[in-house]
Amino acid sequence: MFGSKVKKSSGDQVVVYEPDVRTKDGFFRSLGVMATNIVSSRELIWQLFVRDFTAVHRKSFLGMAWVVIGPVFGILSWVFMNATGVLNPGDVGIPYPAYVLLGTTFWGLFMSFYQMSAETLNAGAGFIMQVRYPHEALLAKQIMQALANFLVSFLVILAVLLVFRVIPSWKIVLLPAMILPMLFLGAGIGLFISTVGVVAVEIRKICDLFLGMLIFFTPIIYAGSAAGGSFAAIVRWNPLTYLVGGVRDVVAYGRMDNPIAYGWAALLAFILFAVSWRLFYVSEEKVIEKMI
Amino acid sequence: MDSDVVIKVEGLSKKFCRSLKRSLFYGSLDIARNMLGIPYDKNRLRLAEFMALDNVSFELRKGEALGIVGQNGSGKTTLLRLINGIFPPDNGKITVRGRIGALIAVGAGFHPNMTGRQNIYLNGTILGMSRKEIDEKIGEIIAFADIGQFIDSPVSTYSSGMTVRLGFAIAIHSSPDILLIDEILAVGDMNFQNKCMSKIADVMAHGASIIFISHQMLNIQKICTKGLLMEHGKVVKYGDVSQIIDEYYKQNSSGSILKEEEKKKEIVGSTGITCKSFKIFDSKGKETRGFGIGDDIVAEWSFNITEPLEDVVVHFSMADGPYTYNGYVSSYDGLKIKRLDDKTIIRLIIRNVRLAPGNYSVSIGLWDKNFIGSYFWDYESTGIITINANKRLQGRFEFEHQWEIGVAE
């Protein structure tokens, strides 16, 4: 447990703390240890999730409604610019407000995977100095929170889609599997930021800005076909074009333009996540020291 | 490891950094090295770094209670955090057998918007209890915390004492094999402190081992069998608790005992009045700091005063933390001191002193006639007196007494 050496002897659990135990563990072993820790701290994850999910909304009048109000108001400016003719998104096949609402919802999911993961260590700041427990649990809890918020807003947004007479494809049932690469990419970047961000604060800010700008290089507020020139090349090489835009296409049109690119991007996301996960494993103890 | 030993600390060292910026920089460097597997010399102190723990070794056996004492910043809490596995050691090794319950800061992870009852589940889970365990113990926990109706109110409405009550109640009921306690009892009221102490004794009676940090020697004495005195991250002394406490007092007042002359110069009140001499004698006129129960204590002192003072009050007191305070004020005893100058010698004879065995720090003061404004007040450099006895007693005083056991008619 916890990646320290644990020996079972005469019924009592013996734990040994030594310098750099975690660095000595192999790459794949560390991934396994963390996965095991998450499974064994299910109860803690649930308690923390309930604490943060309900507590966030307890003090506000509108409560859960904020989860929906955010995305709906978020698209207003795009819809307005489209309506006035300033924004020419190309042929999106479905009513533009529905298109941009659906796209930004998935984009929001990706960003929320990133942001929630980036807060992993901060989420435990209240007791990380007092109690030893597997901090991977914090990541799991943060991801759960991102998913729960998404689920609530997505159900409402599906209803909005029906108003625009957009019937989602039956392939929507594949959604849980399809968003996994998005999760790995967001959480991979986030976990890296969470670890490094404690000691190098600026990195978090730079990353926030960079990822925030990426929405313009991903076909979310315009159709993929509308991009031209060198801009089109960036869009083509942007993994989010496939991981976020592709998923949106499956829900909206029931098809994915480039499943092979989606596969490569998913593989990339997974590798990035594994590396981040390892970084977290070997360095979180050092990082926590700096959180005092 | 000997199966009786529950904690074994061997050659433990830990570095910290005084400068925040450097600390972050070193942190990034170390993480990069860790990630890439580049070895580096951990013993080398870089600029602004210091040893928070330096080659600390000790053992804790089953059922033992170890008191860690030392001045602020001597590394006590850091040591507890390392044993609890929150920070990794830089050097050395810690072996822990059994479930650790840490009371480093009680109520860690409480959410202000959730009720006390909800927080019991949350905090209990953080401390490693299962839902079933909490279900079983919640009644006991609520009873122990004893905060009445507040248990169903949000924790943000609690007083700090109530938060500690609830936090302690949860932690002590998490049935730890080893309990780490860091000066938390200082918060609750007297009643609750006593309740905690007896609960701790109860947990010990059931075979748990304890590491206890406190500045209250009385509490250390009550609970602990062994002691560890720390200074600047190093272990100064490790052994029987009474030796350690004596050593701690010596450390705190070392200046005044060893360099009486130098200290005298340092006793300077804001008015420029200083203590000229301060001595304590026994009833035979021999200068001493050690007494038995029932002895007379004679204190004699004088002040350096340039301008004679009129209508003043003097006081003398002996204190042991916040628990025992025994003081004498000249005006309370109806004594009027019309004039006090350079040549005045103040002598106080306290007869038949029946304080419990222990160390008491002495303070003297020179005040205006209302005993409000002070010309001189010192409680650090006047040193301590020790009451010794070869018998046990309960509480902080022993009155003269006798037993009579008879048969009913």
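Student: How many aromatic pairs does the count come to over all chains?

Tutor: The count comes to 23 aromatic pairs over all chains, where rings of Phe, Tyr and Trp (its six-membered ring) pair if their centres lie within 6.5 Å. This is a predicted model, in which local features need pLDDT of at least 70, side-chain atom pairs count only at pLDDT 80 or more, and totals for chains, interfaces and linings use all residues. Side-chain values use heavy atoms, without hydrogens and water.

Student: Why is the pair of Phe184(A) and Phe273(A) called tilted?

Tutor: Planes under 30 degrees apart count as stacked, over 60 as edge-to-face and the rest as tilted. Phe184(A) and Phe273(A) have 50 degrees between the planes and 4.9 Å centre to centre, so the pair is tilted. Phe184(A) in helix H10 and Phe273(A) in helix H14 of chain A are 89 residues apart.

Student: What makes Phe184(A) buried or exposed?

Tutor: Buried means under 20% relative accessible area, exposed over 50%, and partly exposed in between (1.4 Å probe, protein chains only). Phe184(A) has 19% relative accessibility and therefore counts as buried. Phe273(A), at 11%, also counts as buried.

Student: What makes the pair of Trp301(B) and Phe316(B) stacked?

Tutor: Trp301(B) and Phe316(B) have 25 degrees between the planes and 6.0 Å centre to centre, so the pair is stacked. Trp301(B) counts as buried at 2% relative accessibility, and Phe316(B) counts as buried at 0%.

Key:
Residues are numbered from 1 along each chain as its sequence is written. Chains are lettered from A and ligands numbered from 1 in the order in which they are written. Helices (H or I, at least four residues) and strands (E, at least two) are DSSP runs, numbered from the N terminus.
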